[in-house]
Amino acid sequence: MSENLLSVRNLVVHYETDEEVVEAVNNISFDIKKGEIMGLVGETGAGKTTTALSILGLLPERVAHIINGVVELDGENLFEKKEREMRKVRGKRISMIFQDPMTALNPVKTVGEQIAEVVLLHEHCSKAEAIKHAQRMLALVGIVPERYKDYPHQFSGGMKQRIVIAIALACKPDLLIADEPTTALDVTIQAQILEMMRRLSKENGASVILITHDLGVVAEMCDHCAVMYAGEIVEHGTVEEIFDHPKHPYTKALYQSIPSLDKDMERLHVIKGMVSDPTKLPEYCSFADRCELCTEACKKGDPSTVDIGNDHTVKCFLYSNDKGNANQGREAE
């Protein structure tokens, strides 16, 4: 058996309408080992959520199309499975914490019923056993089991997110996908939710894909980090490598946008321009028009992904021999 739980290879996803084609994900590849937490970082529109929905087979029908790629879970290609087979994978082997707990929960069902429903679908047990398991899950995420019969509107935002996590972890999945799980929460509750996710991940031995805008969360939670821009992974490596030795100009610009307690700054660094329009992506490097280190080569072609050692890859001409710019990477350090 491979040590990789999940392997994504050359994934390309488009959203197609009568008017335009949105190139949401453009030829990305990555692996996640068993028990590993990987952060997926990037601006809104980078393709992070589309990547997650592709893995689960939850892309909207008719408009979304997987143009190319393979997603393997323990060596099994999920794209070859029928919908009936994928229903057995979702919730049991792969679970997802959606971004907004307000819309993720059914308002007309009690929270206990929603947890028990997942258990009944995937575990061979009676309804009474499912109810007991649901109550245990509530206790596990810090909610008293007596609130089993309460409805979602009776809980705060942080409590709703705990319930969503309880649903996601009810059947001890191998892979947990957390799509910005703390975006709508205040800072104190964010810390509690992240600590709980990390603890439950270790206890259950689950791998995690953590989708976030917050590099601080990645530093605290993750083993590896993938930086996405315009549907591509522009840099990937261990958290230590990405934070101590960032290479791609986009990654460096993201770091410069983080407030510092050590420096007195009137304004934070701003990345000039706007994210590339996914309906009109350039044939050259997608970040070139916003990059402060842009060269002539960057406007003439699309760079390939380069392995620079220490499990660290970067998609940039500054570190590539494609256009004879290998030396420029060293000069940019």
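A pocket here is an open set of grid points with protein on both sides within 12 Å along at least five of seven lines, and its lining residues have an atom within 4 Å of one of those points. The close-ups below all come from a predicted model.

**View A. The second largest pocket, with Ser-29, Phe-30, Ile-233, His-236 and Thr-313 nearest its centre.** In all, 22 residues line this pocket. Two or more of them come from each of β1 (4-16), β2 (21-33), β10 (232-238), β11 (305-307) and β12 (313-315). Which strand gives the most to this lining? That's β2, with 8 residues. Sort the lining by class and you get 10 polar, 8 charged and 4 nonpolar residues. The volume of the second largest pocket comes out at about 410 Å³.

**View B. The largest pocket, holding about 550 Å³ of space.** Look for Gly-91, Met-96, Phe-98, Val-118 and Ile-167, which lie nearest the centre among the 20 lining residues. The elements that each supply at least two lining residues are β6 (94-97), α4 and α6 (157-169). Helix α4 has the largest share, at 5 residues. By class, the lining of the largest pocket splits into 12 nonpolar, 5 polar and 3 charged residues.

**View C. Helix α4 packed against helix α5.** Besides giving residues to the largest pocket, α4 (residues 111-122) packs on α5 (residues 127-140) at an angle of about 120 degrees, with the two axes 8 Å apart. Because of that angle, α4 counts as oblique to α5. The pair crosses in a right-handed way. On the α4 side, the contact uses Gly-112, Ile-115, Ala-116, Val-119 and Leu-120. Facing them from α5 are Lys-127, Ala-130, Ile-131, His-133, Ala-134, Met-137 and Leu-138. Class by class, that's 9 nonpolar, 2 polar and 1 charged residues in the contact of α4 with α5.

**View D. Helix α6 packed against helix α7.** Here α6 meets α7 (residues 187-204) at an angle of about 15 degrees, and their axes are 11 Å apart. Angles under 35 degrees count as roughly parallel, so α6 and α7 are roughly parallel to each other. Is this crossing left-handed or right-handed? The crossing of α6 and α7 is right-handed. From α6, the contact takes in Gly-158, Gln-161, Arg-162, Ile-165 and Leu-169. From α7 come Ile-189, Gln-192, Ile-193, Met-196, Met-197, Leu-200 and Asn-204. This contact has 7 nonpolar, 4 polar and 1 charged residues.

**View E. The largest cavity, with a volume of about 80 Å³.** Of its 14 lining residues, Pro-249, Cys-285, Cys-291, Cys-298 and Cys-316 sit closest to the centre. The lining of the largest cavity has 12 nonpolar residues, plus 1 polar and 1 charged. How many cavities of 30 Å³ or more does the model have? The count comes to 3.

**View F. The second largest cavity, at about 40 Å³.** Its lining is made up of Glu-232, Val-234, His-248, Cys-285, Ser-286, Phe-287, Pro-303 and Lys-315. By class, the second largest cavity is lined by 4 nonpolar, 2 polar and 2 charged residues.

Conventions. Residues are numbered from 1 along each chain as its sequence is written. This is a predicted model: local features need pLDDT of at least 70, side-chain atom pairs count only at pLDDT 80 or more; totals for chains, interfaces and linings use all residues. Side-chain values use heavy atoms; hydrogens and water are left out. Axes are lines fitted to C-alpha atoms, for helices over the stretch in contact, and angles run from 0 to 180 degrees between N-to-C directions. Helices (H or I, at least four residues) and strands (E, at least two) are DSSP runs, numbered from the N terminus. Angles under 35 degrees count as roughly parallel, over 145 as roughly antiparallel, 65 to 115 as roughly perpendicular and the rest as oblique. A crossing is left-handed if the near helix is turned anticlockwise from the far one by less than a right angle, and right-handed if clockwise. Contact means heavy atoms within 4.5 Å. Ala, Val, Leu, Ile, Met, Phe, Trp, Tyr, Cys and Pro count as nonpolar, Asp, Glu, Lys and Arg as charged, and the others, Gly among them, as polar. On a 1 Å grid over the protein atoms alone, a cavity is a set of points where a 1.4 Å probe fits but cannot get out, and a pocket is an open set with protein on both sides within 12 Å along at least five of seven lines; lining residues have an atom within 4 Å of a point. Grid points are joined across faces, edges and corners, and a volume is the space filled by probe spheres set on the points.
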